[in-house]
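Here is a short report on helix packing and ligand surroundings. Keep the sequence and the structure in view while reading.

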Amino acid sequence: MQKILITGGAGFIGSHVVRRFVTNYPTTQIVNLDALTYAGNLANLTDIESQPNYTFVKGDITDAAFIDELFKTHDFTGVVHLAAESHVDRSISDPMAFVMTNVIGTVNLLNAARIAWKGKEEGRRFYHVSTDEVYGELHDPKEFFVETTSYDPRSPYSASKASSDHFVRAYHNTYKLPVVISNCSNNYGPNHFPEKLIPLMINNIQNNKPLPVYGKGENVRDWLYVEDHARAIDLIFHEGVNGETYNIGGCNEWKNLDLVFLLCKLMDEKLGRPEGTSAQLITYVTDRAGHDLRYAIDPSKLMNELGWKPSVTFEEGLEKTVQWYLDNQKWLENVTSGNYQKYYDGMY
Ligand code: NAD
Ligand code: TDX
């Protein structure tokens, strides 16, 4: 019997991964471990929560004793580790939370797996989900991050993710823990917490609030629809090679300002407002400290070795995303009330 621990399954990407695994592998037990921080929301999973192969466990990966006990209680055959503090701006105001969850939390999981799996590693796998931000920033438009690009993290968030990646590789090298890592570009889609660029802009446009563009809006990000990331994780978990790293990206680079204008246009159409109405809300604000200029992934290895490619175009993905937020006002109201609202009000 396969039993897979998915950490951070109540978050944005994690919820899509949990849904995919629960649905596609009905004979595999899926245990979703999540601390339900401000970013974790079980409402992301109501459609699958009563499936017989799904269990939710509330718990914190920074609690080593709890994690060790969890690995003693369950004979996990695999781990897909997504739990993290994920927002760069929050890492600037509170770096220690990122060290605790992203570094210490990851090492707690690695230790528990190392001990529980000792001598019976065969057929098991520890999958660590990481980010393209560990590679630093690009300036030359002809350059892309590949798996062998040197690490050069520049924010507390990316430094914490880079550190966790190094620990995962060290456990493979030292203890022969069967690991695999992927580094993905910016995701977007349903359930994305509205502190991140795309859902924040959609939410503010709806509410006629200013659209805060950092600096001149010239920074470039590569955007991938979240279900294409979940599909890549599924593929790499099942068919990737132990000890390997796979870069995942959408080959879909956008300057922030161009993307915000596109969202304004889409929202004007959806809300039946005259074209140009939402763009008047664009407000240039102080740039993010240490703001990385450009991220761009070369996903050739994943495409050539495992046959993955993005299946959702940006046009389709944005349309689905905008429509999802318009159709899920209650979800938005719930996550934007309370603590998040306090954090957001303190930002500007
Ligand atoms: P998210 O912030 O939406 O979700 C994170 C989840 O982890 C939440 O459910 C939260 O409750 C949980 N969590 C946080 N701290 C925890 C702790 N100490 N113990 C247990 N659970 C905890 O993040 P996301 O955007 O879904 O990102 C998921 C993973 O993918 C992260 O590891 C992130 O670094 C990586 N990633 C994200 C992107 C992106 O564009 N969002 C891109 C590449 C990689
Ligand atoms: O209000 C905003 N205005 C703005 O101009 C916000 C929230 C962002 N931005 C800019 C900053 C970035 O250049 O938009 C770009 C995207 O910002 P975020 O959505 O915060 O994402 P980013 O910082 O690129 O990091 C994301 O992608 C990689 C995720 O949050 C990470 O978890 C992931 O690893």
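Is the crossing of α8 and α10 left-handed or right-handed? The crossing is right-handed. A crossing counts as left-handed if the near helix is turned anticlockwise from the far one by less than a right angle, and as right-handed if clockwise.

This is a predicted model: local features need pLDDT of at least 70, side-chain atom pairs count only at pLDDT 80 or more, and totals for chains, interfaces and linings use all residues. Residues are numbered from 1 along each chain as its sequence is written, chains are lettered from A and ligands numbered from 1 in the order in which they are written, and side-chain values use heavy atoms, with hydrogens and water left out.

**Helix packing**

Helices (H or I, at least four residues) are DSSP runs, numbered from the N terminus. Axes are lines fitted to C-alpha atoms over the stretch in contact, and angles run from 0 to 180 degrees between N-to-C directions.

Helix α8 spans residues 256–271, and helix α10 spans residues 314–327. Their axes come within 11 Å and cross at roughly 55°. That makes α8 oblique to α10. Angles under 35 degrees count as roughly parallel, over 145 as roughly antiparallel, 65 to 115 as roughly perpendicular and the rest as oblique.

On the α8 side, the contact (heavy atoms within 4.5 Å) includes L259, L263 and M267. On the α10 side, F314, L318 and V322 are among the partners. By class, this contact of α8 with α10 has 10 nonpolar, one polar and two charged residues.

Helix α6 (residues 197–206) also packs on α8, at about 40° with axes 10 Å apart. The two are therefore oblique to each other. Their crossing is right-handed. Residues of α6 in the contact include I198, M201 and I205, and those of α8 include L259, L263 and M267. The contact of α6 with α8 has 11 nonpolar, two polar and no charged residues.

**Ligand surroundings**

A residue is near a ligand if one of its heavy atoms lies within 4 Å of it. Ligand 1 is surrounded by 28 residues, and the closest are I13, D34, S86, Y157 and K161. Ligand 2 has 20 residues around it, with T131, E133, Y157, R288 and H291 nearest.

The table lists polar contacts (pairs of N or O atoms within 3.5 Å).

| Residue | Residue atom | Ligand atom | Distance |
|---|---|---|---|
| F12 | polar backbone | ligand 1, oxygen | 3.0 Å |
| T37 | polar backbone | ligand 1, oxygen | 3.0 Å |
| I61 | backbone N or O | ligand 1, nitrogen | 3.0 Å |
| S86 | backbone N or O | ligand 2, oxygen | 2.8 Å |
| T131 | polar side-chain | ligand 2, oxygen | 2.7 Å |
| Y214 | backbone N or O | ligand 2, oxygen | 2.9 Å |

Definitions and conventions:
Nonpolar A, V, L, I, M, F, W, Y, C, P; charged D, E, K, R; others polar. Polar contact = N/O pair within 3.5 Å; in protein donor to acceptor, adjacent residues only side chain to side chain.
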